[in-house]
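The structure is displayed first.

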Amino acid sequence: MRKSYCVVNQKGGVGKTTTALNLAACAALNGKRVLLVDVDPQGNATSGLGIDRSQLERCIYDLLTDDEWKETVPDPLSEIIVPTSLPNLWLLPATIELAGAELSLAAAIAREMKLRQMLEPARHRYDLILIDTAPSLGLLTINSLAAADAVLIPIQCEYYALEGLSQLMRVVRLVQGQINPRLQIAGVVLTMYDARTNLAREVAEEVVAHFPGRVFETVIPRNVKLAEAPSHGLPVVNYERSSKGARAYQNLYGEVFGNAET
Ligand code: ATP
Ligand code: MG
């Protein structure tokens, strides 16, 4: 059974956080117990849920690196997870401290497996775990791939969309081969699609040709409500439920999880 999904693309600003946040919110609205995991030092998933990062004493960084502290508490994971303003949705937050994790992890034993180990108890506590990653293929993203059952790849319908994807697929295969054989590719999501431009259409066709049978039918349109929602600390499916962006994410949720047992 697929339980944890990570949203990955080392290209910046392609819609990873928006996708992770809104799929998490859709699942929560559907009555699932959901944990959103912020594995990006930018902390956009954290602030996008209206959580003030400056008020957090600890974050995912401590779970990944602070072995001394972890020994002093019975359940380190639940010390870090925070509730959100939305029912059924919990967050494992990131603060800027996470920027130091790549360095701290570099010398650790089984450094690629830290997140997976830390999330192990969460697999029983939640119906769905969604992991938002940074625009990088560094150690934090490798940890995210190691912790996931499936990977979702958002691709922005803009020029250069396919750049870097062969490198991303190589990393996914390496993770599958060496540390996480259960990792599957859930699929590719086309984001920020502007139907008025030929370019968007051409890029979409190119992506479909590059990933035959792997691209979700639901295409996320460019939609101003999606861009506005984070400043209100809400996923768009909660902020403006009838907007085009919200409806697209609801459809995507159905497509990604419709047949899953989560
Ligand atoms: P990063 O690589 O920095 O983590 P990201 O891949 O997580 O970026 P997002 O933060 O989801 O990308 O999106 C980048 C910006 O575009 C954000 O300001 C977001 O609100 C906006 N955005 C995302 N999707 C859409 C969309 N479909 N329509 C309009 N704006 C969008
Ligand atoms: Mg992001």
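Which element gives the largest share of the shell around ligand 1? I found that this share, three residues, comes from α1.

Conventions. I worked from a predicted model, in which local features need pLDDT of at least 70 and side-chain atom pairs count only at pLDDT 80 or more, while totals for chains, interfaces and linings use all residues. Residues are numbered from 1 along each chain as its sequence is written, chains are lettered from A and ligands numbered from 1 in the order in which they are written, and side-chain values use heavy atoms, with hydrogens and water left out.

Entry 1, the shell. I looked up the residues around ligand 1 (a heavy atom within 4 Å) and noted 18, the closest being Lys 16, Thr 17, Thr 18, Pro 221 and Asn 223. By class, seven are nonpolar, seven polar and four charged.

I recorded an oxygen atom of ligand 1 at 2.5 Å from a side-chain N or O atom of Thr 18. For the side chain of Gln 42, the corresponding value is 3.1 Å. A polar backbone atom of Gly 15 lies 3.0 Å from an oxygen atom of the ligand. Taken alone, ligand 1 exposes 620 Å², of which the protein buries 82% (Shrake-Rupley method, 1.4 Å probe).

In the contact (heavy atoms within 4.5 Å), α1 supplies residues including Thr 18, Leu 23 and Cys 26, and α14 supplies, among others, Tyr 249, Leu 252 and Phe 257.

Technical notes
A polar contact is a pair of N or O atoms within 3.5 Å; within protein, one must be able to donate a hydrogen and the other to accept it, and residues adjacent in sequence count only if both atoms are side-chain atoms. Helices (H or I, at least four residues) and strands (E, at least two) are DSSP runs, numbered from the N terminus. Ala, Val, Leu, Ile, Met, Phe, Trp, Tyr, Cys and Pro count as nonpolar, Asp, Glu, Lys and Arg as charged, and the others, Gly among them, as polar.
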